[in-house]
Amino acid sequence: MAETHSLQDLQQPTVSSKVYVQRDYSSGTLSKFQTKFPSELESRLDKQQFEETIQTLNNLYAEAEKLGGKSYLEGCLACLTAYTIFLCMETHYEKVLKKIGRYIKDQNEKIYAPRGLLLTDPIERGLRVVEITIFEDRSIGSGR
Amino acid sequence: MKNCEYQQIDPQALPTQTPPPPPLQEEKEEEEEEGGEKREEPRRPRRKWEVFPGKNRFYCDGRIIVARQGGVLPLTLGLILVTCGLFFVFDCPFLVKHLTSCIPFIGGGLFVFVVITLLQTSFTDPGILPRATPDEAAEIEKQIDTTGNSSYRPPPRTKEVVINQQVVKLKYCFTCKMFRPPRTSHCSLCDNCVERFDHHCPWVGNCVGKRNYRFFYTFIVSLSFLTAFIFGCVTTHLSLRAQGGKGLVFALQESPGSAVELVICFFSVWSILGLSGFHTYLVASNLTTNEDIKGSWSGKGGEDVTNPYSHKNIFINCCAVLCGPMPPSLIDRRGFLPSDESVQTASVDIELPTQATKSEINVTEED
């Protein structure tokens, strides 16, 4: 998991605090997160960077939950087979979730870990929040 | 909600609380795995379903989830199996000879469809929301506090959000320690927050929510067809036998199984057809049973309230509810507990029963 990698890289830094980006329910029950920049991250991260990450996540979730020809086809086919195809086939949603997992890992490696931050995949928090862990700012090479 | 307990969760307090539980925890672990203190690695890595806090039972190593109260699922299955069994034994031979040989195939197909959708409704995670982690819960409590309440009364536990020009109130769930998303409700029987909560169905022994509503709907619709089909076949069978002045009693004596089927189908066809009709209306207006019963969007208050989740088109509503994308299970039953988190999860697990019993009273009062 990404968490283990970055912990090893940073030689087990201590967690200073955690910031939670809550869900944005203004469009209903669709998975969407608030793009409001948390004040705790001001010293570590660009507002624009943060907004871009969250906006991309929102777009990916919208893609997963989109009601369109492809999802209807999948749904109808599933209904005709008494939903048994869910046992053997990976759904469109699951495929996009994997894509989201890869994107988060990528963002962590490129942007967040170098700044002492860690994004947690929202699926691990029940799609309630995007948890951003802030690690203590240590200088390089210091032991415990 | 008077005098309700308002416990602040202090994340700093959590580590200090873990030393008292070890005697309990050691006992608990000894029950599950032999020996082993908290600090030692367990013999085998534990899966998340083993420490799941809700009232659910798991089978096949977490693949199958049911509510702890089995309800009358065995009765439902039994009734269906018995009725169909009697149908194939008593009615099919006669009808194949006198009518058409399609009858057993149609009956068989419907039967298979009904049983599969029933089992899927019962064994699928309805859309359970995992409970908030202690850090999350503490953060929310802090936010509620800062909305400025220095009086002795507990701070408000609702949040308002505007969805499609409708004001929707989000309630705080004391058991799961989070603000419930819209359309989510806490089921007291299963002790879980379920997304797009419809109702807890004792006949299938599970909640009906976002993830298994389509299975449930397919189940009741196909069951209506099956019941109506069997009822029709039995009636035809008996009337054919009673022809030529022989009488109904003679027909029933020749085929006693048909009498049983007739009784079962007669009493269930009306309620099942009614239920199917009701749920078809709910699907077409994108409502849940919970919302319909509470009258959330019926505008009783005289205000102009409409359902903010409806797509304003019957066809699109039906497609969205029944053929929409299948959301994944959020509780990750078969994932492994990370070894550093298993301590925390276990201690939360022990703390929850004491808080949950009090909170349950609150929840049932709220809802």
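Good morning, colleagues. Please keep in mind throughout that this is a predicted model.

I begin with the interface. Here, 31 residues of chain A are in contact with 37 residues of chain B. The two chains bury about 2,800 Å² between them, and carbon and sulfur atoms account for 65% of that area. On the chain B side, B:Glu136, B:Cys323 and B:Pro325 supply 20% of the area buried against chain A, more than any other three residues.

Which elements of chain B supply at least two residues each to the side that touches chain A? They are helix H4 (103-123), helix H5 (134-145), strand S4 (158-163), helix H6 (213-241) and helix H10 (314-323). Of these, H10(B) gives the most, with five residues. By residue class, this side of chain B divides into 24 nonpolar, seven polar and six charged residues.

The polar side of the interface comes next. Between chain B and chain A there are seven residue pairs in polar contact, counting pairs with both residues at pLDDT 80 or more. The count of salt bridges between these chains is two. One salt bridge pairs A:Lys18 with B:Asp135, with 3.2 Å between the closest N and O atoms. Through shared partners, salt bridges join A:Lys18, A:Arg125, A:Glu131 and B:Asp135 into one network.

Let me turn to chain A. Its secondary structure comprises five helices and three strands, in the order α-β-α-α-α-α-β-β from the N terminus. Of the 144 residues in chain A, 45% are buried. Among contacts in chain A with a separation of 6 or more, 59% are between residues 24 or more positions apart. The accessible surface of chain A is about 7,800 Å², and 52% of it belongs to carbon and sulfur atoms.

Finally, the salt bridges within chains. Over all chains, the whole structure has 15 salt bridges. In chain A, A:Asp106 and A:Lys110 form one at 3.1 Å, N to O. These residues are four apart in helix H5 (residues 92-112) of chain A, and therefore separated by about one helical turn. A:Asp106 is partly exposed at 28% relative accessible area, whereas A:Lys110 is exposed at 57%.

In chain B, B:Arg131 and B:Asp191 form a salt bridge with their closest N and O atoms 3.1 Å apart. B:Arg131 lies in the loop between strand S3 (128-129) and H5, and B:Asp191 in the loop between strand S7 (185-187) and strand S8 (192-194), so the pair ties together parts of chain B that are 60 residues apart in sequence. Both B:Arg131 and B:Asp191 are buried.

Key. Residues are numbered from 1 along each chain as its sequence is written. Chains are lettered from A and ligands numbered from 1 in the order in which they are written. This is a predicted model: local features need pLDDT of at least 70, side-chain atom pairs count only at pLDDT 80 or more; totals for chains, interfaces and linings use all residues. Side-chain values use heavy atoms; hydrogens and water are left out. Contact means heavy atoms within 4.5 Å. Buried area is the accessible area (1.4 Å probe) that two parts lose on being put together, summed over both. A salt bridge is a side-chain nitrogen of Lys or Arg within 4 Å of a carboxyl oxygen of Asp or Glu. A polar contact is a pair of N or O atoms within 3.5 Å; within protein, one must be able to donate a hydrogen and the other to accept it, and residues adjacent in sequence count only if both atoms are side-chain atoms. Ala, Val, Leu, Ile, Met, Phe, Trp, Tyr, Cys and Pro count as nonpolar, Asp, Glu, Lys and Arg as charged, and the others, Gly among them, as polar. Buried means under 20% relative accessible area, exposed over 50%, partly exposed in between (1.4 Å probe, protein chains only). Accessible areas come from the Shrake-Rupley method with a 1.4 Å probe; for residues, only the protein chains shown count as cover.
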